[in-house]
Amino acid sequence: QISWTPLLVLGYLFYLLLGAMVFQLLEKQAETHFRDQFQLQKLKFLQNYTCLDRQALEKFVQVLMEAWEKGVNPEGNSTNPSNWDFSNSFFFAGTVVTTIGYGNLSPSTVAGQIFCVFYALFGVPLNLAFLNQLGKGLNAHLITLERWVQKPGRAQVQLAIFLTTGTLLFLVFPPLVFSYVEGWSYGEGFYFTFITLSTIGFGDYVVGTNPNKHYIPVYRSLTAIWIVFGLAWLALVFNVGADLMEKFLQLKWHKPDLSLAEGATTKLEDEPEQPRIHIPS
């Protein structure tokens, strides 16, 4: 038998290196372009407003960055809705226990930070237990569905229905809603959907943060509920994928030694047949 663990480690490292090269190829040039454009805009701003010097402008940019890090959108004015009303706070609590952590909003007070630590300490295991029970419910539904399908290959049909239904409910239709409400393209909405449900949570796209749009009060709360059920579904998909990958590696590398099997067969054929003893009942 050949151990597939070193091959899995090498494959994992190769996958990371491949991702790094592709991301660098796709994003580095665009980043350089945006950086140059930003510097050009700052120079034009200084030329138009000669009463300012470069140091004052850099201080103002720093103020904008600090405001953004504290969850304050620099766009708009003081009439912007609070990031800590009940709906937004409910959404933030969901991002904590699900470990999504967008990064666009975080507690700024010491009391809030300490509470966040202990809230996550108990909330993350509670969320995992809840998702586990939700996953068991989905499995029970799949078993019931399997009983309905009385045809050969019903397991494949069951898996196909599960994947198709979940894909439509959690990956295909939600981007349409986010595109309509947020003004994103469908690709941006699909990107946000997967990045959120996979708990990657970059924070570059977050629902309900545009100060120029009027959202219904329960918009982010409903989004948080959608996230919870989407997490359970995608976690099952990831588990199925991981199981299939492990089985593939075991079948590929844990092959029996054919030479030993052939030798044993030859030995049995060469040996004379032993007399059989009949024991009466």
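**Exercise 1. Explain why the second largest pocket lies between domain 1 (7–70) and domain 2 (83–252).**

Solution. Both domains give residues to the lining of this pocket, so the pocket lies between them. The domain bounds come from an automatic or database domain assignment. The model is predicted: local features need pLDDT of at least 70, side-chain atom pairs count only at pLDDT 80 or more, and totals for chains, interfaces and linings use all residues. Residues are numbered from 1 along each chain as its sequence is written, and side-chain values use heavy atoms, without hydrogens and water.

**Exercise 2. Determine which helix supplies the largest share of the lining of the second largest pocket.**

Solution. Step one: α1 (5–48) and α6 (186–197) each supply at least two lining residues; helices are DSSP runs (H or I, at least four residues) numbered from the N terminus. Step two: α1 has the largest share, with six residues.

**Exercise 3. Classify the pair Phe45 and Tyr49 as stacked, tilted or edge-to-face.**

Solution. A pair of aromatic rings is described by the distance of the centres and the angle of the planes. Rings of Phe, Tyr and Trp (its six-membered ring) pair if their centres lie within 6.5 Å; planes under 30 degrees apart count as stacked, over 60 as edge-to-face and the rest as tilted. The structure holds 14 aromatic pairs. For Phe45 and Tyr49 the centres are 4.8 Å apart and the planes are at 40 degrees, so the pair is tilted.

**Exercise 4. State whether Phe45 is buried, partly exposed or exposed.**

Solution. Buried means under 20% relative accessible area, exposed over 50%, and partly exposed in between (1.4 Å probe, protein chains only). Phe45 has 35% relative accessibility and therefore counts as partly exposed.
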